[in-house]
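Dear colleague,

Please find the structure below, handed over for your use. My notes on it come after.

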Amino acid sequence: MSEQTFRMNRYVWHGRLLVGSVAAVGLVAKMVLAARTRGPADVYFFWAFAQHIEKVGPVRIYAHPMPRLPVYNHPPLAGWMLLGLDRLSRLGVEFGTLIRTPACLADFAAALLVFEIVRRRRSVRTAVACGIGVTLSPVLIPASGYHGNTDSVAVTLALAAAWLLADRRAPVAAGVVAALSISVKFVPVVALPVLVVAAWRGGRREFTRFSAALGAVLLVVWGPVLATVPGALRANVLEYKGGNFRLWGIVKFAEWLGFSNESIAVLRGPGHFVVVLVCVAAGVWPAWRRPDRAPLAVAITLGVLLLLSTASGVQYLAWPVAALFAIGFWEGLAYSALAGVLASWVYTIQKPTSWTYDQQVLGAVAWTALLVGVVSGYAAVFRTRERGPAAPAPATTVPAPSAPPLEVR
C-alpha cells in the first residue's frame, strides 16, 4: 500500500468515526426524548395493535375487527415486530419507548449509510457533513424520537439496498434488505423497480442473485398472509391511500387553486396509482442510464414520492431526509431546516393531523425545497465525472491531508 493510499484510508476512517460518534450521541438524545414523552396518538395505536396481535397473531390481524382503531395498514414484518416489542415490554420497559426505538436506530444507521454513499461520489469532508446532517436533522429528531412509526426504518433499508447493490456489489444482501424494506412499511415499494433495473444492468448473475434473495424473503414474510387473508391484506395494505387530510403537496395546492372535491377525490383515488407510476419512472430512468449511481436513483424516487404524495402526515416529512443528504449537503440542509421547523411546530401543539394556514404555507415552502433537491439529484446522477481515485502523486510531492480521497471500500 502506497503512502498516499494509507493517508486516504486513514482519512476515510477518521470521517467514519466522526460521523458514527455524532450519530451515537444523536441516538442517545432521541432515546431520551422517547423515554420522557408520551408521543402522539400513533404510539397508543401501535400498543393497541400489539394487544390484538397477541390474541390472533400477526397473520390474521388483517381480517380481525378492531373497533375504534385506524385501519391496520402495516406490512407483515411490522406485525412480528409489534409482537416482539409487546413481549419485551412485559420485562418492564415502556412500550412507548420500545416502539420508537427502531426509528431511532434507523436514523443512526442512515447517518453512516449516507456517509458511505457520499464519500464515494464526493469528498470525505462533504460526506462527513452529510452524515452529521442526517443525525442533526430537525425533521428526524421529532419524527423518530417523539413520533416513532416505521417510516425511517423503511427508508433507511431502501437506501441500504441500493448501496449494497451498487457500491458493495452484494446482490444477495441487497435483495434481502430490499424485501425487508417493503415488509416493514410499504412506502419504499416505489424504489423496488429501481433496484431491479440496477440489478439487471449489473449483469445476469447479479440480477439472478438479487431476484432470488428478494423473492425468497418476500415468500417467507408475505406468503403466510397471502395464503390466509389475501383480500384483507390487499384492502388494508396494498390499496391503502392514506388519510383524508389535505395538509401537504399537490392535494393542498389543488384545494388552494379551487379544484372541486370530486376532482380531488379522483386525484386521491385512481390518480393515486398514476402518482405511484410517476414515482417509479422518476427513479427507473436514471437507474437504467447509470446503474452505478443506484443510491442516487433511489434517493430521487423517495423525494418524488413525498413531492407527489396525495396523503398527508407529519411523519411523512421524514421520507426524503436521508435521501436528500445522499444527493448533497445543501439539498438536505435546506429541506431539513424548513420541514424541521414545520414538524416541531406541529408536534408542539399536539395536533399532527390539524395544521394551521401558516403551517400549510410553510409546508408549501418546504415542498419547494424538496423539488429543488430532486432536480439537483438528477444533476448529480448525470454529472459527467465523479470524484474517484486520485492520480498518483509525483515521488517528490507530499500529498496534503485535504486532498480528494481515494475510493476505498
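Predicted model: local features only at pLDDT ≥ 70, side-chain atom pairs only at ≥ 80, totals over all residues.

Residues are numbered from 1 along each chain as its sequence is written, and side-chain values use heavy atoms, with hydrogens and water left out.

**Aromatic pairs**

Rings of Phe, Tyr and Trp (its six-membered ring) pair if their centres lie within 6.5 Å; planes under 30 degrees apart count as stacked, over 60 as edge-to-face and the rest as tilted. The count by this rule is 15 aromatic pairs. In one of them, the ring centres of Phe49 and Tyr72 are 5.0 Å apart with the planes at 80°, so this pair is edge-to-face. Phe49 belongs to helix α2 (residues 41-60) and Tyr72 to the loop between α2 and α3 (76-89), 23 residues apart. Helices here are DSSP runs (H or I, at least four residues), numbered from the N terminus. Phe49 and Tyr72 are both buried (buried means under 20% relative accessible area, exposed over 50%, partly exposed in between, with a 1.4 Å probe and protein chains only).

Phe253 and Trp367 also form an edge-to-face pair, at 4.9 Å centre to centre and 90° between the planes. Because Phe253 lies in helix α13 (residues 249-256) and Trp367 in helix α19, this pair ties together parts 114 residues apart in sequence. Phe253 is partly exposed at 22% relative accessibility, whereas Trp367 is buried at 15%. Ring pairs link Phe253, Trp256, Tyr357 and Trp367 into a cluster.

**Surface patch**

Tyr357, in helix α19, is exposed, with a relative accessible area of 55%.

**A covered helix**

Helix α7 (residues 140-147) is mostly covered, with 7 of its 8 residues buried. Among them are Leu140, Tyr146 and His147. Gly148 follows α7 and has a positive phi, near 90°.

**Cysteines**

A search of the whole structure finds 0 disulfides (pairs of cysteine sulfur atoms within 2.5 Å). Cys104 is buried at 1% relative accessibility, and Cys130 is buried at 0%.

With kind regards

Notes
Helix = DSSP H or I, 4+ residues; strand = E, 2+ residues; numbered from the N terminus.
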